[in-house]
Amino acid sequence: MFRIEVDRARFREIVRGRIRQDLRKYLSNSELIARQGERAVSVPVPQIELPHFRFGENQKSGVGQGPGEKGDALGDQEGEAGGEGAAGDREGQHILEVEVEIEELAEMLGKELELPNIQPRGKRDVSTEGGRYNGVRRSGPDSLRHMRRTFKAALLRTISAGEWDPNDPRVVPNREDQRYRARKSSPVPDSSAVILHMMDVSGSMGREQKEIVRIEAFWIDTWLRSQYKNLEVVYIVHDAVAKVVDQEAFFHLRESGGTKISSAYELALKLIQEQYRPEDWNIYPFHYSDGDNWSARDTERCISLLKDELLPRVNQFCYGQVKSAYGSGQFKKDLDEALGSDERLVTSSVADRGDIAGAIRQFLGKGR
Amino acid sequence: MNVQYARRRSGSLTPELALWAERIEKVARGHKLDFFAIDFELLDAKDVNGIAAYGGFPVRYPSWRFGMEFERLEKGYEYGLSKIYELVINNDPVVAYLVKSNSLLEQKLVMAHVCGHADFFAHNCWFQATDRHMLDTMGQHSTAVRRMIDRQGLERVERFLDQALSIDNLLDPYLPLREHLAKTKPTSLGTPPTYDILGFLCERAPLDDWQREILRIVRAEAYYFQPQRMTKIMNEGWASFWHSRILTGGVLDASEIVDFADCHSGATARAPGRINPYKLGIELFRYAEELGQDVFALRRRHNDASLIDELVDETFVEREMLFLYGKNPRSARTEVTERDWRKVKDRLLGDLAWGGLPQIELVAVDTEGRGELVLRHHHDGRDLQLQNARETLLRLAAIWKGPIELSTREEGEGRVLVCDGKDVEVREVPGAPPASSGDSSGEH
């Protein structure tokens, strides 16, 4: 069955090429988001079938078999009936869905946007107990005794003590010679990360703005998932008050009323302090809004929260400003002015879907 | 006429299955079924999927399309949506694959079914002109294409192969039988008008030697598979007719009958929205038998269209509860629209005409001195899918290296698709649209 595997590999290569080609398109629409599974995304690949002269579907009609009077509706059971199939009877007319592992998708994204791999923060190299018995030590239970090493030690001792007699090659291990297998602990870089997606859901954030956020968030998650073994995602929405919600609510919730961005930052800080301590987690807060804040005083509050509390605790704080019909875009200006020199803060602005790729690149391009 | 056959060893069968194969073949021959020797191969599901992806052959030329088909079959199997019971190829000896995971009863059923197919391959007239050593021929095709890949590079060969496969239905389904009966070698493939556009291109298209070779390979394989498309209903019907008779005539013991009935009725169930060839086929032969017709003669002389033309009447349509369905524009749902037997029969014949393919004829070459091919789609009420037609024309133009014109109809209006090699322009044709020439059902 070797040949068919070669053909399958070639087919997959072609499909991957097609996806890579269309990646920019996927970066600006939400087609892939609904297709996200645990470890893979199912990508629809149109037009991979060879074209043929064939009949159109201009009449959804034909000959059927079964009971029913004129005018009765047809049951929707057009599934495969029989199971047997003879050679050469296949008709292939379907949009093909191809499962692409998230890792692989991230790799394509990385190549397309030239994203650097993330350098783990220095102190992050927390040793974790490895699970393999590939070490040796001098004490342990008999069941783990390493015979060969024990005798080797005994032989060494015998020779060095001058007691070795080739004519009587007896080696008797004593207590000091005993060697035991041991679990060896090897430093494993700690690979936990948390993303805090915060979004302004006040009245001015419309459907299109949320869609843009959704697409950005999808790709950011995809990338970070490929960089960290263990990734958690927390969704926070805010208008004048902030709360934690699930993914579904995050993208569909529509609140109204004022905007107090500091409420979200405070909630994020609280979560970091209580659940995601910086010693244990790589922390990535993302905040999306249309740039309108309730008052200049609240903006000041945000800036001081960022400067004194959030930025020192996180890998990188990203602010994505999505242009809306009502937003002034002031918030980004304020942030850039006050904290622009701090490289832990990245801001971007997105006017329409075409800017998404650029924003993702700005956010993830530093490799932090 | 009886076919010559030699007893073959079916190497991979278990002794028990080998015994059953022998016994079932004997019973089948006792029923006057007559076939080449059958090689049964026992494989696991994955291997059967691999072979099925190659259209039943263990060796084909390399192509990503087979890989795609394999992926689809594997997924269907993995998710429990579909499972291949049986796979049989028209060759001497006939090669049939059995799936290891099937129960003994299922294996017996498949073996009996295969005997039916094998008899059909040997005696149906449409198969008379097929290559009975296709297993070897496919192997040679594979070697030839692999050699080209070594010389020309994968991408070049793949690109041309894909172009050629895109037009692999531009053939004349009746041509091989005509030639076989007239005992002529093809005189000149290069003279229009012809439906054998593949043959025309093999002769006349300005191609490199390796490209011409690929086109010949694609043409040979297309003609090999075409009779199976034209006789799908008959072939499955014939095989089911006989597996039922063989198994219930002493091969099964009483304890197996219920499971057999379950399995058999699953394969021959009625499906509301489409025709199940197993069901329609078996009922056609049963009906013919009731009418006192010689079923062996029918299986020799006909294809799906002509058999239906011969047998389907008011009684049959009523008994089989055949109907026409269509979309009700007001309720937007699919409904039963017609039970009149004549209309049902007309529609069946229409769908099966010309081997189920769009009937496209090469009517003229180079009449205006631009080296153009003039094609005509004989419209039978079903429009071509235009997007596909455009793409296909572009590939055809790449092979012909000249402009192509295709006249057809869209929603009743005449259209000409003009392809200059880079783009396809759709022109409306005022006045009389090209009409169907009408000779649609099979001639013999």
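Predicted model: local features only at pLDDT ≥ 70, side-chain atom pairs only at ≥ 80, totals over all residues.

Trainee: Okay. What share of chain A is buried residues?

Mentor: Buried residues are 32% of the 368 residues in chain A. The chain has 10 helices and 11 strands.

Trainee: And which domains does chain A have?

Mentor: Domain 1 covers 1–49 + 95–114, domain 2 covers 129–187, and domain 3 covers 192–364. The C-alpha centres of domain 2 and domain 3 of chain A are 58 Å apart.

Trainee: Now chain B. How is that one divided?

Mentor: Into domain 1 (15–124 + 231–267), domain 2 (134–230), domain 3 (286–355) and domain 4 (358–429). The centres of domain 2 and domain 3 of chain B are 33 Å apart. Their contact takes 4 residues from domain 2 of chain B and 4 residues from domain 3 of chain B. On the domain 2 side, that is 2 nonpolar, 1 polar and 1 charged.

Trainee: How many residues are in contact between the two chains?

Mentor: 76 residues of chain B touch 46 residues of chain A. The chain B side splits into 33 nonpolar, 19 polar and 24 charged.

Trainee: Which helices pack at about 95° there?

Mentor: Helix H1 (residues 2–21) of chain A packs with helix H3 (residues 64–78) of chain B at about 95°, and their axes are 7 Å apart. That angle makes H1(A) roughly perpendicular to H3(B).

Trainee: Which residues of H1(A) meet H3(B)?

Mentor: Among them are A:Ile4, A:Phe11 and A:Ile14, plus the charged A:Asp7 and A:Arg8. On the H3(B) side you find, among others, B:Trp64, B:Phe66 and B:Glu71. The contact divides into 7 nonpolar, 1 polar and 4 charged residues.

Trainee: Which strands pair from A to B?

Mentor: Strand S2 (residues 62–65) of chain A pairs with strand S4 (residues 322–328) of chain B. The pairing is antiparallel, over 4 bridges. In it, A:Gly62 stands opposite B:Tyr325.

Trainee: Switching topic. What order do the strands take in the open sheet of chain B?

Mentor: S6-S7-S8-S9-S10, with mixed pairing. S6 (360–365) and S10 (424–429) stand at the edges, each with a single partner strand, so one side of each has no neighbour in the sheet. Neighbouring strands are turned by 25° against each other on average, direction ignored.

Trainee: Do S7 and S8 pair in the parallel or antiparallel sense?

Mentor: Parallel, over 4 bridges. B:Leu375 stands opposite B:Leu406 in S8(B). Helix H17 (residues 386–400) of chain B packs on this sheet, touching S7, S8, S9 and S10. The direction of H17 makes about 165° with that of S8(B).

Trainee: Where is B:Pro93?

Mentor: In the loop between strand S2 (86–89) and strand S3 (94–99) of chain B.

Trainee: And B:Trp354, buried or exposed?

Mentor: Buried, because B:Trp354 has 21 C-beta neighbours inside 10 Å. B:Trp354 lies in the loop between helix H16 (341–352) and S6 of chain B.

Trainee: Where does B:Asp366 lie?

Mentor: In the loop between S6 and S7 of chain B. B:Asp366 is partly exposed, with 14 other C-beta atoms within 10 Å.

Terms used: Residues numbered from 1 in each chain as written. Chains lettered and ligands numbered in written order. Domains from an automatic or database assignment. Contact = placed C-beta atoms within 7 Å. Pairing = 2+ DSSP bridges. Helix = DSSP H or I, 4+ residues; strand = E, 2+ residues; numbered from the N terminus. Buried ≥ 20, exposed ≤ 12 C-beta atoms within 10 Å, placed from the backbone. Axes fitted to C-alpha atoms, helices over the stretch in contact; angles between N-to-C directions. Parallel < 35°, antiparallel > 145°, perpendicular 65-115°, else oblique.
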